[in-house]
Structures are given as structure tokens and as C-alpha cells.
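Open the model in your viewer and keep the selection panel at hand.

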Amino acid sequence: MSSAVAGHASMSEGPPHEPREAAGLASNGAPHATRRKRDLTLRATDETAGGPRRKISDRRSFDYLWRSGVAGGLAGCAAKTTVAPLDRVKILFQSHNPQFAKYAGSWAGVATAIQDIYRQDGPSGLFRGHSATLLRIFPYAAIKFLAYEQIRSVIIPSRDHETPIRRLLSGSLAGVTSVFFTYPLEVIRVRLAFETKRDSRSSLRSICKQIYHEHPYGNGTPSVTLPNAPAALQTAAGAAAQALNTVAPRSGIINFYRGFSPTMLGMVPYAGMSFLTHDTAGDVLRNQRWAKYTTLAQPENAPPGKPAPLRSWAELTAGGIAGLVSQTASYPLEVIRRRMQVGGAVGDGHRLRIGETAALIMKERGPSGFFVGLTIGYVKVFPLAAVSFYTYERMKTWLGI
């Protein structure tokens, strides 16, 4: 993609070129046609819009790495800011917050929840925890997009190797990599967003301290009960449980990885399907039958084989569809993850495991409990993914990669 398409995308919404001029024909002769063609190319790429003229094509170079990281980080921040109020409400629904659980399951409930938050805390209440979100999302999105570019270049070295499976694998590995490095910030953000009582708000420092000192089994120790087993077996089981309690960490850094297992499991379909769907939708939109309506003119300095850049509406559509598909594929695991993350803030405070959390959700609400908040999730994820991919692609263009 050219380094200057982004800044001029909205001014290039017309057809990429006129057939008569593309053919080099004009009533006043070939030189005039050539000059007009050159002018059209300059307008389409917008060399004067502020983007660098030099194309950085070596994906392993330091220049490409930091530029793709910055582009990804800014894309993530822009997307999260767009949907921050909806994200706050969705977290309250997913984590079964006692004050807002009654609103879950309907559009009216979403509106009522937003009104309650606004009435109680004002506009800032809708962005509760957003500062922690931005602190997390910049490195998360930067690592995700940077890792995707690098992993994709290895798994898909050329267009001849491009298959849906390779795209899915590239996206999944990129998502897992980014989550591993930024997950503690996600736990802090969720705990901040979960709090609703004005008089008992916790500071960022106190939240971190509270999470650090929480115990996985409350104030007691894990026990094993085998009523029908021989006495010797019961004794051995008790000794094993005691040994596990001694060896297993009861508090500390591990508490910042609550819900990490379902997150990693959920990231495989989420990030994988997100990148796969976005790239596939891009291919469909670039089909030659309607390319003149969906793509911009190919910049002169674009590397060989580089797909033509999509128009703004087409890029936003591809990103939005990618968000819907990926959200559907990973939502049940996301609900489990949210409940595990707030485990220390509700109940007896012990650290729930995947199976325990799933059983608890099933007992409380049945199968539909794994899809609580999915409606608002759809409303949130479409603009989230659309803005994210759009900003990333335009920032890549502006930064010359």
C-alpha cells in the first residue's frame, strides 16, 4: 500500500482512473494524455499529504518493526476509545455484577445500564478503567500487528503459499504472543471496570495490591474427600492435597493471570478468524468485477504483488465483518475468562479454574449464560474491528510500510 493513500483516501473516492486516460488516449495527442495520466496518479497517491515517499519493504528491518508496532498501537487505541462505553457495560454484564445483572439480555437493558452509569458517575463513569485500557491496548495491539506481519512473512513467504489455514495460523500465533505479554494489564482493567460503588472505589495501586494478595482458596486450604475409599487412600489423598497447597503459589504475580488459560484458548479462534476473515474479505472486495468501486489506484512505488488499497468504506466493512466472525467463534471462552478475572471481587475470593467457572455459569443461567452480552458484543465489535483495521492500514500507508 502506498505511503500516501491514507491521508487522501476520502478525496479519492471516485473511480481510480478513467478508461480513456488509462489507455493513454486524448483528443489533443499522446503527450497530453500522458501528462493527464501522471497528474491522476499523483492525485490518487497524494504524495504531498505528509506521508514518506520511500517505501520500506524489508519486513525484518528495524524501521519496519517500529513503524508496524506504532501503527498497530495507535490503531488499537483509536478502536478502544470508540467503543469504551459499550465495553464498560459489557464487562458488567459478563461478570454478573449484582447491580447490573438484571439489565442483561436486552437492548433496553443496555440503554438503562448506560443511563444508570451516567446518572451515578457522569460521562467519566462510562470510561471507568479506560486509562488502564489504553495502557494495555497500545502494547497489546502493537505486538499483535507486529507479530502478525513477522509470523505471516515466515508462514506465507509468497502468494503461492497463501491458504486459509496459513492465514488462520498466523493470526492465532500473533494473538497468543500479544496476550502473553500484556495479560496482567487486562486483569487490572477488568477489575477497575467491575467496580460500581462510588464510595468504595479503589485506586490503581490498591487494585494491584488487592489482586497480588488474594489467595486461590480463600482463607482455607484445598481438601480432598473420598468417603468410600480405604483409610490409606484417604490419607494419601490428603497428603497430596497438602503438598499441592505448599508448592502451589497462594498469591503473588500468578493472580494477575486469572483466566489466562481460557484467554489463550479463546485467542486462537478470535485472532485467527479475525485476520483470516479480514484478508479473505479484502480479496473478495478486490475482485476484478467490482474492483473499480472498492479499490484505489495502485501507487507507483507499491512493491510487486501488493494488493491495491481498499477505499475507506470497503476497508471498514472488511474489518467489521472480521470482528463479527471472530466474536462469534470465541465468545463462550470470553465469558469464562471475565468471570475468572473478577473471581477475587465476588464470592469467597478463591481462584476459579476453567471447569469450575463453566459449571458455575451453567448452573446460574444454563447454556445461554455463555452468550450473555453477545448482542452488545456484536454492536461493540463491529466498529472496534472496523476502526482497528482501517487505522492500521492507513497508518501503515502514512508511515511508508
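Select α7, residues 164–194. Its end C-alpha atoms are only 38 Å apart, whereas a straight helix of 31 residues would span 45 Å at 1.5 Å a residue (expected span: 1.5 Å times one less than the number of residues). Helices here are DSSP runs of H or I, at least four residues, and strands are E runs of at least two, numbered from the N terminus. This is a predicted model, in which local features need pLDDT of at least 70 and side-chain atom pairs pLDDT 80 or more, while totals for chains, interfaces and linings use all residues. Residues are numbered from 1 along each chain as its sequence is written, and side-chain values use heavy atoms, without hydrogens or water.

Next, centre on Thr182. A kink of about 65° lies there, shortly before Pro184; the bend is the angle between axes fitted to the seven residues ending at a residue and the seven starting there.

Move to Ser368, in the loop between α13 (354–365) and α14 (374–399). At 46% relative accessibility, Ser368 is partly exposed (between buried, under 20%, and exposed, over 50%, with a 1.4 Å probe and protein chains only). Pro332 is 36 residues away in sequence, yet 9.6 Å away C-alpha to C-alpha.

Finally, zoom out: the chain has 14 helices and 0 strands, and 49% of its 401 residues count as buried.

Note on methods
Axes fitted to C-alpha atoms, helices over the stretch in contact; angles between N-to-C directions.
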